[in-house]
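Q: I would like to learn how to read this model, feature by feature. Where do we begin?

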Amino acid sequence: MPPFMSNALQTEPGKRRVFAIISHPDAGKTTLTENMLLASGAIHAAGQVAARGEARRTQSDWMKIEQERGISVSSSVMTFEHADLIFNLLDTPGHEDFSEDTYRTLTAADCAVMVLDVAKGIEPQTLKLFEVCRLRDIPIITFINKLDREGHDPFELISEIQDKLALDVIPMQWPAASGRRFKGISDLRTGQFLRFVKPDDDGEHSLTPVDGTDIVDHFDDDDLLEEFLEEQELAKEYGEFNAQSFREGHMTPVYFGSALRKFGVRELIDALAEFAPPPQAEKAVKAGQDVEILPTSKDVAGFVFKVQANMDLNHRDRVAFLRLCSGEFKRGMKLKTAENKTISVHNPILFFAQDRELAENAYAGDVIGIPNHGALRVGDSLSETGKIKFAGIPNFAPEILRRARLADPLKAKHLRKALESLAEEGVTQLFKPSLGADMIVGAVGSLQIDVMRERIKTEYGLEVTFESPLYQTARWVTSDNPEILKAFVDKNTANMGEDIDGAPVFLAKSAWDVGYAQDKNPDIRFMTTKERR
Ligand code: GDP
């Protein structure tokens, strides 16, 4: 290997920061995303994130649902640079029905920004997404948004985060009032005050640094000044930020601002640059041994956390999003799945704010899109040797089961293909009962079923309805003893089915039936999740 290559391997992963934004719908994720891209110079005019969305929507009609319901169904990757670092922002769908998809995306992120609406605090979806982050102890930076409006007292918000999320909370800044009385934000570490400057002729607001000792000049209201100085002293008593505690997911630093009015956004990006961890060692299994794959390891390796089909309807393509974990990837490389399937990666895509580009090389912390025709699935590990299998991305047992029914029964084969393809993409799950020819579709939320119906119509030209099947619940069944498992499967044919990977699934009429079966079959495990990787 020429020396310059190993140098790149030593330094490039350290420059990457992979993060996601988690928030309850309407807290300001889209606005914040856009203004982060603007502040970093990745895009040049507001509205471009949305505009890009529009362009995609014309390509695929199913996004109508996204528009109508004001939610973001598809996720993608946005890259921007700041402070000599490369940030990969993974967009997560916000709606609760998509928690499974979100979970997978979060497995590829090393850090998360949690956006709270100052007037609302922790909302139900914030909590759910936070719990997903906690499963992997992802470090979280909190951004309290919409400070241009009146909201809750910051002390109350901090207590709420402490109580509901069981996190240590350290304010890094302190706001001087909010809404119309807003005067600025002080940096609690440096003592510097960022004075809020009202819009100039261009309508731009800004935060201008002034020396902390001069702040008296910027308050026209003595009471407000006194209140602020007092609060600031109290805020310091939360203690010092501890980088290690943050990285272990126990402590969250808190920042304030307004995504819409564009203040506090640059400071948030600075915080990401300062605190978000670079790619870390990933747990994997290599030749039956537990190993840790370092970002600087030579063997190119990564895992697929998302598959998106039919991004371009004319090509019926699929793009697998591969999070690289090690090595120096080069365009044209042959990579192997842990099942020894070889994939030649001739046209890997790097995603930018607005554009896509062919990736000539990529490193740990990069996400590349691999166009393929269904060979790659969510959860697949890819590596040069084919010997690495990263620790699991689970499938979640569906909460909703539906029987797919076609208007035109002659098209059953087409439908099966469509359902299989959507299941491989991870939109929904597909179960085939052992008896009969039904196709049972499973989803975590009902919106997934709507999206699926719409996509089957626009992408496959099939009219399909979904009925309630006999079964309400699905559980993967496993046992340490293959013979016991086989006997169970044989004895319960009427309640058995297979998922898309051929794994046995117990289909029950109710949760009670599952409990009953569990009591009768103590050596069988009825699983609500299935590890895919
Ligand atoms: P998302 O659902 O979390 O992606 O939220 P959006 O970014 O779409 O924002 C939801 C609404 O809140 C939109 O009407 C935004 O214009 C508004 N919004 C976002 N950030 C701010 C802010 O800082 N201040 C105010 N006043 N409104 C905001």
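A: Begin with residue classes: Ala, Val, Leu, Ile, Met, Phe, Trp, Tyr, Cys and Pro count as nonpolar, Asp, Glu, Lys and Arg as charged, and the others, Gly among them, as polar. The shell around the ligand then splits into four nonpolar, seven polar and six charged residues. This is a predicted model: local features need pLDDT of at least 70, side-chain atom pairs count only at pLDDT 80 or more, and totals for chains, interfaces and linings use all residues. Residues are numbered from 1 along each chain as its sequence is written.

Q: How many residues surround the ligand, and which are the closest?
A: A residue is near a molecule if its C-beta atom, placed from the backbone, lies within 6 Å of it. Here 17 residues surround the ligand, and Gly28, Thr30, Thr31, Ser258 and Leu260 are the closest.

Q: Which helix gives the largest share of that shell?
A: Helices are DSSP runs (H or I, at least four residues), numbered from the N terminus. Helix α2, residues 29-39, gives the largest share, three residues.

Q: How do I read two packed helices?
A: Take the angle between their axes and the distance between the axes. Axes are lines fitted to C-alpha atoms over the stretch in contact, and angles run from 0 to 180 degrees between N-to-C directions. α2 packs on helix α10 (residues 265-275) at about 80 degrees, with axes 9 Å apart. So α2 is roughly perpendicular to α10 (65 to 115 degrees; under 35 is roughly parallel, over 145 roughly antiparallel, the rest oblique).

Q: Which residues of α2 and α10 meet?
A: Contact requires C-beta atoms, placed from the backbone, within 7 Å. Leu32, Asn35, Met36 and Ala39 in α2 meet Val265, Arg266 and Ile269 in α10. That contact has five nonpolar, one polar and one charged residues.

Q: What domains does the protein have?
A: Domain bounds come from an automatic or database domain assignment. The assignment gives domain 1 (17-275), domain 2 (282-391) and domain 3 (395-532). The C-alpha centres of domain 2 and domain 3 are 28 Å apart.

Terms used:
Helices (H or I, at least four residues) and strands (E, at least two) are DSSP runs, numbered from the N terminus. Two residues are in contact if their C-beta atoms, placed from the backbone, lie within 7 Å.
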